2 protein chains.
Amino acid sequence: MNSPVIVLIEPQMGENIGAAARAMMNCDLSELRLVRPRDGWPNPAAESMSSGALEKMPPVQVFDTTAKAVADCRFVLATTARARDMTKPSFTARTAAAEISMRKNNGRKAAVLFGPERSGLTNDDVALSHGTIAIPLNPAFSSLNLGQAVLLVAYEILQTASENRLPQKIEDADSLPVTHERLLELFERLESELETHHFFRNEGQKPVMIRNLRNMLSRAEMTDQEARTFHGIISALTGKKS
Amino acid sequence: MNSPVIVLIEPQMGENIGAAARAMMNCDLSELRLVRPRDGWPNPAAESMSSGALEKMPPVQVFDTTAKAVADCRFVLATTARARDMTKPSFTARTAAAEISMRKNNGRKAAVLFGPERSGLTNDDVALSHGTIAIPLNPAFSSLNLGQAVLLVAYEILQTASENRLPQKIEDADSLPVTHERLLELFERLESELETHHFFRNEGQKPVMIRNLRNMLSRAEMTDQEARTFHGIISALTGKKS
């Protein structure tokens, strides 16, 4: 299993995509996904900067939304240089690597999101993640180029993966965390019911309230069974039998 | 004390010198020395690639031999991608960082040598060192660019030096996890509403279902605000204004 997937969101420079691919191959990762790359795909500048890495990987996949790019992933971490005003587990690159490795041993595919070069990830993308990664650097000079950020995260993952660990508990299918796709379905259903029931009293506040709800619920890392239970709760409370 | 010194021997591309300087500043290292840089010094391509790092460091020093460049150092490690036929302690980037850190605490200045982009260090330069550093990477794709090699070594040195983590974000009252008392109130209210709405079809299953619900929701480690929001969701879905 290729895990984690590396997801670059709105990358601007082809060179940075190529450097990220090279860094991934250096660290034995090979599944690269792009969301709305500025210059489209394929990109000759990326090819040349990758030093052959792009040719050795499975084809890069391109998506129009972050949600689609991580639809099959069960654990999603967002790299952020600055603290966000969200309650969310925050990892260093090293502790994140341990979390990802543990889940990989249990058959859970992970994704790591990287935002655009200048602006970083949007709060909406961060809210959809299970946790954040901040790479500990010199606080007076912490700006990393995109390829370097991917390198440090990928490097920590390789170091952790090659350490010898105890075999993890084998989990049955029912205890797998839900895929992101199903999680999003659940969020959308909940939000639509809340809309119907006039929960969002103020239209201007709605996007923030939705983000906060998603942030809170994504932290639970629900299993498939739990997501079904949550659907059942909505049905029961709204008086609809599911 | 600036330790370790980073020594680039016969670097070819100014861009790589700039990327190395940036990586050093990212990791709180600031003493860069060059031995016979191909394009002389200063180098405008290096300046621009360093994103301001070169301006913030003490001036780069240039030497005509490796021996002079490390004359004041008491511990010298040579980075090598391939094994050399020499009996010499060999470190990973992480174990090298620990060796350097220990010596720094004892007042011993260290240096890390990096060879030219294509060919790497000469055996003579390796022979002059106390040990070698090999960065553990994918053996099928281990070629790193010079700036990235400096980044990984500098990163490990910073991690060892700070050995412990980002300061945790100071939390304000609103981001504190809810007390267990309030959490239990929320659970009891939810369960009572579910009871009213005939969610628990089978009385025998009810204790297990309640345990599973509590398990799922407690994993979210809700804040006070989030618990209030969750109360609001229950009120909205059941058609009660809170």
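In α10(A), the buried residues are A:Glu226, A:Ala227, A:Thr229, A:Phe230, A:Gly232, A:Ile233, A:Ile234, A:Ser235, A:Ala236 and A:Leu237. That makes α10(A) a mostly covered helix, with 10 of its 14 residues buried. Keep in mind that this is a predicted model.

**Helix α10 of chain A**

- So what covers those buried residues of α10(A)? The cover includes α8 (180-196) and α9 (206-218) of chain A, along with α8, α9 and α10 of chain B.
- The length checks out too: at 1.5 Å a residue, the 14 residues of this helix (residues 224-237) of chain A should span 20 Å, and its end C-alpha atoms are 20 Å apart, which agrees.
- After α10(A) comes A:Gly239, which has a positive phi, near 80 degrees.

**Where the chains meet**

- Chain B puts 62 residues into the contact, and chain A puts in 66 residues.
- Between them, the two chains bury about 5300 Å², with 61% of it on carbon and sulfur atoms.
- On the chain B side, B:Phe141, B:Tyr155 and B:Leu237 supply 15% of the area buried against chain A, more than any other three residues.

**Polar links and make-up**

- Two salt bridges turn up across the interface of chain B and chain A.
- B:Glu156 forms a salt bridge with A:Arg94, and their closest N and O atoms are 2.8 Å apart.
- There are also 17 residue pairs in polar contact across the interface.
- Several helices of chain B each supply at least two residues of the side touching chain A, including α1 (14-26), α7 (146-162) and α10 (224-237).
- That side of chain B splits into 28 nonpolar, 21 polar and 13 charged residues.

Definitions and conventions: Residues numbered from 1 in each chain as written. Chains lettered and ligands numbered in written order. Predicted model: local features only at pLDDT ≥ 70, side-chain atom pairs only at ≥ 80, totals over all residues. Heavy atoms only, no water. Contact = heavy atoms within 4.5 Å. Buried area = accessible area lost by both parts, 1.4 Å probe. Salt bridge = Lys/Arg side-chain N within 4 Å of Asp/Glu carboxyl O. Polar contact = N/O pair within 3.5 Å; in protein donor to acceptor, adjacent residues only side chain to side chain. Helix = DSSP H or I, 4+ residues; strand = E, 2+ residues; numbered from the N terminus. Nonpolar A, V, L, I, M, F, W, Y, C, P; charged D, E, K, R; others polar. Expected span 1.5 Å × (residues − 1). Buried < 20%, exposed > 50% of the residue type's maximum accessible area, 1.4 Å probe, protein only.
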